[in-house]
Amino acid sequence: MKIANAILMKEININNVRQVMKRVETATKPQLASLTKLSVVTVNSLVKELCEKGELFEDETIPSNGGRPALTYRYNYDFSLALVMYMNDKQGQDVITATVINLENHILLKEVHTLPVFDQTQFHVIIEQMLAQFPSIKGIGIGIPGQTVNGEVTVSSHQQLKGIRLVEDIEAKFGLPVMVENDVNAAVSGYCSRQELDEEDHSVIGIYFPTQYPPGMGIYLNGKVVKGKNGMAGEIKFLPMETDWYSPMEPQVFAEKVYTIIQTVNAILAPDRVVIYQKQIEADAFIRGWEAYQAEQLMPVFPEVILNESFQEHFEAGMRWLTLKELEPTVIQIN
């Protein structure tokens with residue numbers, strides 16, 4: 001038991017040093033000891049181990065107050081890289097964006113591939129090429145316009161994705177952990193990470209209304225996405241509204257549908273904010289209509305309703321943020 005506790009404590013301490021170095025980038029051993037609340041002896045041992053792994057490296061020597069010059073250490077943000085891929089539709093073709101990022105969320109390479117239709121073999125070729133260029137890739141994040149159930153894509157506006165087992169196939173072929181996320185979940189995560197709401201007690205709803213496709217919703221609560229059974233939370237196209245989302249809609253009719261959805265979601269979740277991604281109606285007209293609508297309806301709370309046109313930007317930012325979170329070391333609990 002003592003050995004097990006010692007192993008666990010070492011994992012906690014080394015992760016403590018790692019997180020501090022990620023945040024400050026450079027530090028001396030005494031500075032690290034002060035920031036981590038660990039002894040200088042413990043810090044010496046952990047810094048040596050992290051340097052041997054290549055996660056830290058010696059930087060420059062700085063003068064001290066009359067004593068020996070102090071050696072600073074720098075965090076190696078390129079120690080682990082992530083491959084982030086996201087799919088969307090552009091003029092009837094599948095567009096796959098492949099981005100390599102380091103632990104600082106700095107983009108090292110970004111490529112855009114346009115395919116007439118989604119092709120799993122070509123998808124694997126793109127991954128293969130990225131891994132060949134960046135051997136330090138330790139994980140893959142994939143954002144899709146759909147949802148997986150037990151590893152299989154069962155819901156998607158892209159018919160070619162249905163029935164594919166993305167995670168299993170890619171992990172088996174490339175031997176790397178793979179995370180797949182729904183595009184709306186990723187977008188609301190990206191919005192919240194940019195607003196620095198990830199660790200706060202906030203409830204944020206993101207609702208995406210693509211043109212002539214059913215809407216999707218992401219629920220973000222206390223720093224994480226609420227997914228529900230089989231990841232199906234937020235599938236608002238199943239609301240009993242008798243709406244043909246595949247056909248063009250008059251702006252006012254569309255707005256009324258959105259107001260009803262906001263009221264429904266508000267009654268169930270009482271969010272702080274509702275972020276609406278849409279391009280079917282002018283923002284000023286939408287907000288005026290919403291203010292008139294909520295003045296006539298009984299509601300549990302009055303959330304801040306925000307119209308935003310940056311769905312793709314938030315989708316990409318969310319995928320990068322979520323994939324990097326997956327690369328964070330997990331401290332193993334030993335009983």
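# Briefing on sheets, aromatic pairs and a buried glutamate

The structure holds 13 aromatic pairs. It is a predicted model.

**Aromatic pairs and cluster**

- The ring centres of Tyr-259 and Trp-290 lie 5.8 Å apart, and their planes stand at 45°, so the pair is classed as tilted.
- This pair links distant parts of the chain, since Tyr-259 belongs to helix α7 (residues 251-269) and Trp-290 to helix α8 (residues 283-295), 31 residues apart.
- Tyr-259 counts as buried because its relative accessibility is 2%, and Trp-290 counts as buried at 3%.
- Trp-290 also forms a stacked aromatic pair with Tyr-293, with 5.8 Å from centre to centre and 20° between the planes.
- Trp-290 and Tyr-293 are three residues apart in helix α8, so about one helical turn separates them.
- Tyr-293 has a relative accessibility of 13%, and it therefore counts as buried under the 20% limit.
- One aromatic cluster is formed by Tyr-86, Tyr-208, Tyr-277, Phe-311 and Phe-315.

**Charged ends over rings**

- The charged end of Lys-138 sits over the ring of Phe-79, at 4.6 Å from the ring centre.
- The charged end of Lys-173 sits over the ring of Phe-174, at 5.8 Å from the ring centre.

**The sheet containing β7 and β10**

- Five strands make up an open sheet with mixed pairing, in the order β6-β5-β4-β7-β10.
- Its edge strands are β6 (107-115) and β10 (178-182), each of which pairs on one side only.
- On average, neighbouring strands of this sheet are turned by 20° against each other, with direction ignored.
- Strand β7 (residues 137-144) runs parallel to β10 and is joined to it by five bridges.
- Within these two strands, Ile-142 stands opposite Val-180 of β10.
- Helix α5 (residues 166-174) packs on the sheet and touches β7 and β10, and its direction makes about 155° with that of β10.

- A polar contact of 2.9 Å joins the side chain of Glu-181 to the side chain of Lys-227.
- Leaving aside neighbours within four places in sequence, Glu-181 is in contact with Ile-142, Gly-143, Ile-144, Ala-186, Lys-227, Met-319 and Leu-322.

**The sheet containing β14 and β15**

- Another open sheet of five strands has the order β13-β12-β11-β14-β15, and its pairing is mixed.
- β13 (224-225) and β15 (304-308) stand at the edges with a single partner strand each, so one side of each has no neighbour in the sheet.
- Strand β14 (residues 273-277) pairs with β15 in the parallel sense over five bridges.
- Arg-273 stands opposite Glu-304 of β15.
- Helix α6 (residues 183-194) packs on this sheet, where it touches β11 (203-208), β12 (216-221), β13, β14 and β15.
- The direction of helix α6 makes about 40° with that of β12.

Technical notes. Residues numbered from 1 in each chain as written. Predicted model: local features only at pLDDT ≥ 70, side-chain atom pairs only at ≥ 80, totals over all residues. Heavy atoms only, no water. Pairing = 2+ DSSP bridges. Helix = DSSP H or I, 4+ residues; strand = E, 2+ residues; numbered from the N terminus. Axes fitted to C-alpha atoms, helices over the stretch in contact; angles between N-to-C directions. Contact = heavy atoms within 4.5 Å. Phe/Tyr/Trp six-rings, centres within 6.5 Å; stacked < 30°, edge-to-face > 60°. Buried < 20%, exposed > 50% of the residue type's maximum accessible area, 1.4 Å probe, protein only. Lys NZ or Arg CZ within 6 Å of the ring centre and 35° of its normal. Polar contact = N/O pair within 3.5 Å; in protein donor to acceptor, adjacent residues only side chain to side chain.
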